[in-house]
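Read the following with the model open beside the text. The account begins where two chains meet and then moves to individual elements.

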Amino acid sequence: MNKKVLLIEDEPNIIEAVSFILMRDGWEVKTHSNGHDAMDAVRRREADIVILDVMLPGRSGFDILKDIRSDPALGDTPVLMLTARGQDKDREMAERVGANRFMTKPFSNADVLDAVRALVAEHE
Amino acid sequence: MASLNALAIVCVLYVVVLFSVAFAADRAALHGRGAWLRSPIVYTLSLSIYCTAWTFYGAVGFAVRSGLEYVTIYLGPTLIMIGWWWTLRKMVRVGRSQRITSIADLISSRYGKSNTLAVFVTLLAVIGTTPYIALQLQSVTLSFQIFAENDLLQRQTVSQQSIAFWVAGGLAVFTILFGTRNLDANERHHGVVMAIALEAVVKLFALLAVGVFVVWGLSGGIGETLARIDASPIKNFEVSGSRWVGLTMLSAAAFICLPRMFQVMVVENEDESHLRTAAWAFPAYLMAMSLFVVPIAAVGLEKLPSASNPDLFVLTLPLQEGQDGLAILSFLGGFSSATSMVIVAAIALSTMVSNHIVMPIWLWMSGGTAMVSGDVRNVALLARRISIAGIVFLGYLYFRVSGGGAALAAIGLISFVGVAQFLPALMGGLFWRGANRVGALAGLVTGAAIWLYSLFLPSFGDTFLMPQHVIEHGPLGIDWLRPQALFGTEGLDPIVHAFMWSVFLNTLVFLVVSLLSFPRPVERLQGAQFVNVFQHSGTAGTWSGGLAQSEDLLIMSQRIMGPAEAQALFSEAAKRQGIAGLLPEPTPDFLQELERVLSGSVGAATAHAMISQIVGGATVSVEDLMAVADETAQIMEYSSRLEAKTEEQARTARQLREANDKLTQLSVQKDAFLSQISHELRTPMTSIRAFSEIMRDTEGLTEDEQNKYSSIIHDEAVRLTRLLDDLLDLSVLENAQVLLNWQSGTLEEVLDRAVSAAGGSDPDFQIDRLPQREHFELRSDLDRLAQVFINLISNARKYCDAKDPVLKIRAKRSDDRLIIDFIDNGSGIPMDKQTLIFEKFSRIGETKAGGAGLGLAICREVMARLSGAITYLPGQKGAAFRVTVPIDSPSVKAAG
């Protein structure tokens, strides 16, 4: 059975690109594109890994990550954070709230794929 | 004999001329032409409404009945114009600086903006003026009848009542048309004043013409005429000293106190210096008016049948001699005198009635707040119109009920005594700081009561109001209370008797009560401003408020003054305070200015009440009370200086705080700038990189996929370019290196272009325009201007959160600039954000609705380059932007 990725990102083109890469690699990809009800999506999808953008409409990615970490059922789900702001401040913040990996846009497709594979493997 | 029809035609033609003159003058004033409208001669001529039909016709009758006594009626005003010039100037200065709308408003304003006082003065003025209006209607009716009697063909067809009715109706229509064009009573009624000036010329010319005809046509020269006067009974009249002095003083008092005189002298005054001309020109006018009175009286007595009414000699003499043209001219003179009086009196009284009686009642009924209730402006205008009709109708009613006749002829002087009761309160208010409201009210009540009791009621003869036995023996037989011989003062003329006692007791009570009672603080402040109007132009701080109230004040003012005027006033004040945007700080100075401006529309008491509802009940601050408590001049001065300093420091501190807040916000924004620009650049780059890698590394992509991915790469590259263009554009604009491309075109074309470039109007986003109001030619960089419009329209499309979004675009011209407002129906922009939206990278909220937050910053820079401006327009329902652009570019003008 394919491993499941939940991609939370609001730029349609980036969603399309990341989905394409992961699906070619054999992942099942679910997407969600706003911050308001992102937690519902995380709970519902029961993904093996979550890819989370920092700047989302409605709610920041950091807040969503905090909620994931404080939820006992989801607590240790691997999370890969993406940001377009690329400042050190953001990286520190991501580490503090418990991101497993942090990537700055634009990224290379191979790096994303490697990161996702590694995180899921680590988790298992 | 002149036919009645001919007269009616002449009359109608004359009225048409009056309407056209009034209309033309209003038009000229509206377009800023016609400096002659504001000349001292027009002012002087407008003062001549003092000479009503009662003086035009009645002076001759007066002369027949009591010799030279008629001169007193002219002597009083002459003495005032020459001798009391300084007092009049003070009245005019106070009237202008306090934006006084009527004599009731002046008295109310002086005594602490007391509405009770205003209501009382208004009522007394209405009681005193109504019979006077009836008198004018009577004179027109009588003169018509003279013609009717002479017209053998249609002797029976004209009824007195119907003439009076049509005259009254016509006057009401004229007055409503030209007297209520603008709400602000301080804006001059150019049309009305011009028509009155014309009528002044007509009546003088008519009387002089009759006089010349009598002296040279009938009598055969000056010497002959003098001989005839010697032979007539006029010569034999004994002049009673007390009556002579009494009547002169009475007419002098009335000249100042009559509501209609106050209207033309103070309210309609354009320029204080006009008084200087009027000081000699008006007495000269009066002298010309009185020049031929005695000759006409003497010759009339000699030539006309002994039963004929001497009040109409001016008309009957030419008729008798077969001079129809002259008779018609004379008729027009009388007609002019009557109509001009009624028009001005109706304007003056309607202002008083609507401001002091109708508006307060309406405000009270509508819950007392101008904020929630609809358009105050319309209500006030409607109130004024109804009042005009009501007052003229009241005059007509009085005429019908009293049935005309001799009783009415005596009413002129009786009215004079009634309004003379305002004199003590008026003069006391202007010259004596100790005068206060209670004293003024007590004096007025006393004077009015004595006037009613000793003159007004007895004038009707034996009625249930004042039965004959009371007049003869006093109430309940108390001898010293006989209405026409109070305290046993027998043998005096009733008019002089009533005038003397009413004004004397009025003054006495006014003085004593004022001395015995304490004025309220507002009265003290107003008193100081009135009495010392020449020393300081009014700076007693009576208001204090916070910025949040400015918007409420603006909303209220828009309702009363109209949006354009209110916005102009507010932005002007903001500019003076050195604040950008439309909302000034509600400093005491600004609030006072606003109150004064509003009082021009709704009266001082109402304006005061409206502002205090918004700014808070504290109409007088502790500082004011302290300032008032210690009146020593130095301490006053010192404390006011201190106060000014404290105020200034507070304002400086406020401005510093504002600047600091803005800087802090800006520095937060500067920090955000880097992360913003990074985000805006990286996002499209992410897609480009990801898809180009996909296309490079993936084998077996279908053609569809290849097309799709390459067009995504293309679109994102375009997005990047656009962002960089915007950034460059902004930096070029900010460094003023931009080359502008000046073109001519119409606003409509530019807006058309912008609307279609921004996606046009559709059911999901409607654009509401009035293309017929957009035909303005302008010369500017039209592409840049369109860029600004496109930005505003797309912003509204993106951010307007209404269910059915509508963007209203309205253009108008103001001097040499065009003002274009873009107002949507969404929830608008919160006040704390309104100053920030024009900064770079500021987007309201954390939304990602598209742009990089550079649009408005670019707009602001563009408008600055075009010598225009773009501002946020507060006080509207949705988000509203105002673009101001010069009609012609300044640089081009300079080059040309």
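**Contact between the chains**

In this predicted model, 18 residues of chain B are in contact with 18 residues of chain A, two residues being in contact if their C-beta atoms, placed from the backbone, lie within 7 Å. On the side of chain B that touches chain A, α31 (633–697) and α32 (703–734) each supply at least two residues; helices here are DSSP runs of H or I with at least four residues, strands are runs of E with at least two, and both are numbered from the N terminus. The most is given by α31(B), with 13 residues. By residue type, this side of chain B divides into five nonpolar, eight polar and five charged. Ala, Val, Leu, Ile, Met, Phe, Trp, Tyr, Cys and Pro count as nonpolar, Asp, Glu, Lys and Arg as charged, and the others, Gly among them, as polar.

Residues are numbered from 1 along each chain as its sequence is written, while chains are lettered from A and ligands numbered from 1 in the order in which they are written. Local features need pLDDT of at least 70 and side-chain atom pairs count only at pLDDT 80 or more, whereas totals for chains, interfaces and linings use all residues of the predicted model.

Chain A has five helices and five strands, which follow one another from the N terminus as β-α-β-α-β-α-β-α-β-α. Of its 124 residues, 38% are buried, that is, with 20 or more other C-beta atoms within 10 Å of their own, the C-beta atoms being placed from the backbone. Among contacts in chain A with a separation of 6 or more, 58% are between residues 24 or more positions apart.

Chain B contains an open sheet of five strands in the order β2-β4-β5-β7-β6, with mixed pairing; two strands pair if DSSP finds at least two bridges between them. Its edges are β2 (766–769) and β6 (869–872) of chain B, each with a single partner strand, so one side of each has no neighbour in the sheet. From one strand to the next the twist averages 20°. Strand β2(B) runs parallel to β4 (residues 806–814) of chain B and is joined to β4(B) by four bridges. Arg769(B) has Ile809(B) as its bridge partner in β4(B).

Elsewhere in chain B, helix α16 (residues 313–320) is mostly covered, with seven of its eight residues buried. These are Phe313(B), Val314(B), Leu315(B), Thr316(B), Leu317(B), Pro318(B) and Leu319(B). Just after α16(B), Gly322(B) takes a positive phi of about 75°.

Methods
Buried ≥ 20, exposed ≤ 12 C-beta atoms within 10 Å, placed from the backbone. Axes fitted to C-alpha atoms, helices over the stretch in contact; angles between N-to-C directions.
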